[in-house]
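Subject: The structure we talked about

Hi there,

Here is the structure I wanted to pass on to you.

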Amino acid sequence: SELGFIGKLYANRNLEPLAAFIKFFYQEQPVDYLYRYFNAILTQKKPIIRSPSLFQHIGTKSTLPGKIQRRVDPHFVQTDRRHDSDNPPASVFTSIDEFAHYVAPLAYGKASGFFWGRPPVEGDTFCVVFDGIVSVKRVVVETGDSAHPLDYLKHG
C-alpha cells in the first residue's frame with residue numbers, strides 16, 4: 001500500500017532493528033514517516049509497491065493528530081476472494097452436499113463465487129485432481145464468511 005504503514009513487508013532480520021527505530025523515534029514522528037527513514041537506512045531508494053495491494057485503509061482516521069484520511073490505495077482491487085489464485089488446471093470433486101449454486105469448482109477456479117456445502121460428515125472428501133503433473137508451492141484453505149460467521153469448517 002502507498003498509504004502509511006499499512007501492509008508493509010520486512011525481512012525477519014530487519015524486524016528487531018525496525019522495532020527499536022520506531023521505539024526510539026515514535027514521539028518525534030508517526031510510524032507512517034519513520035518507516036520511510038528506516039527504509040532509507042537500509043538503502044532502499046524507492047518504495048516497493050505490490051499491485052494489486054493486499055490491504056486497504058478503512059475509515060477516515062489517521063495516525064496524525066487531527067488529520068482525516070480520505071485517500072484509498074489506488075493499487076487495491078476489491079474481489080470476492082481473499083487470495084488471487086494462479087491454480088493450475090484441475091477438476092474438483094466433493095462428496096459434501098452442495099448448497100444451492102455454490103458448487104465445489106468455485107472454491108478452486110477464478111470464477112466469482114465460493115463453495116458452500118451442507119455440514120460435512122465423517123468420510124466426506126474434497127478433491128482437486130490436476131490435469132497434469134504439477135509442483136505445488138503452497139496450499140491455502142480458508143473457511144467461513146463474514147456474512148455467515150457460524151458457517152465454517154470446525155474440524156477438517
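Below is what I found in it, going from the overall picture to single residues.

A word on the basis first: this is a predicted model, in which local features need pLDDT of at least 70 and side-chain atom pairs count only at pLDDT 80 or more, while totals for chains, interfaces and linings use all residues. Residues are numbered from 1 along each chain as its sequence is written, and side-chain values use heavy atoms, with hydrogens and water left out.

**Overall picture**

The protein has two helices and two strands, and from the N terminus on they run α-α-β-β. Helices (H or I, at least four residues) and strands (E, at least two) are DSSP runs, numbered from the N terminus. Of the 156 residues, 18% count as buried; buried means under 20% relative accessible area, exposed over 50%, and partly exposed in between (1.4 Å probe, protein chains only). The accessible surface comes to about 12,600 Å², and 58% of that belongs to carbon and sulfur atoms. These areas come from the Shrake-Rupley method with a 1.4 Å probe, and for residues only the protein chains shown count as cover. Among contacts (heavy atoms within 4.5 Å) with a separation of 6 or more, 52% are between residues 24 or more positions apart.

**Helix H2 and what follows it**

In H2, the buried residues are Asp-32, Leu-34, Tyr-35, Phe-38 and Asn-39. Seen down the helix axis, they fall within an arc of 160°, so they line one face of H2. That arc is taken from the directions from the helix axis to the C-beta atoms. In general, an α-helix has 3.6 residues a turn, so residues three or four places apart point the same way. Helix H1 (12-25) is included in what covers the buried residues of H2.

Asn-39 sits in H2 (residues 31-41) and has a relative accessible area of 10%, so it is buried. Leaving aside neighbours within four places in sequence, Asn-39 is in contact with Tyr-10 and Gln-44.

Just after H2 comes Thr-43, with a positive phi of about 65°, although it is not a glycine. Thr-43 is in the loop between H2 and E1 and counts as exposed at 60% relative accessibility. Ala-100, in the loop between E1 and E2, also is not a glycine and has a positive phi of about 50°. For background, most residues other than glycine have a negative phi.

**Aromatic rings**

Rings of Phe, Tyr and Trp (its six-membered ring) pair if their centres lie within 6.5 Å; planes under 30 degrees apart count as stacked, over 60 as edge-to-face and the rest as tilted. By this rule there are eight aromatic pairs. The rings of Phe-99 and Trp-116 have centres 4.8 Å apart and planes at 55°, so this pair is tilted. Ring pairs also link Tyr-10, Phe-21, Phe-24, Phe-25 and Phe-38 into a cluster.

**Around E2**

Gly-132 lies in the segment after strand E2 (126-130) and is partly exposed, with a relative accessible area of 43%. Gly-132 and Pro-89 are 43 residues apart in sequence and 7.9 Å apart in space, C-alpha to C-alpha. Val-139, also in the segment after E2, is exposed at 66% relative accessible area.

Best wishes
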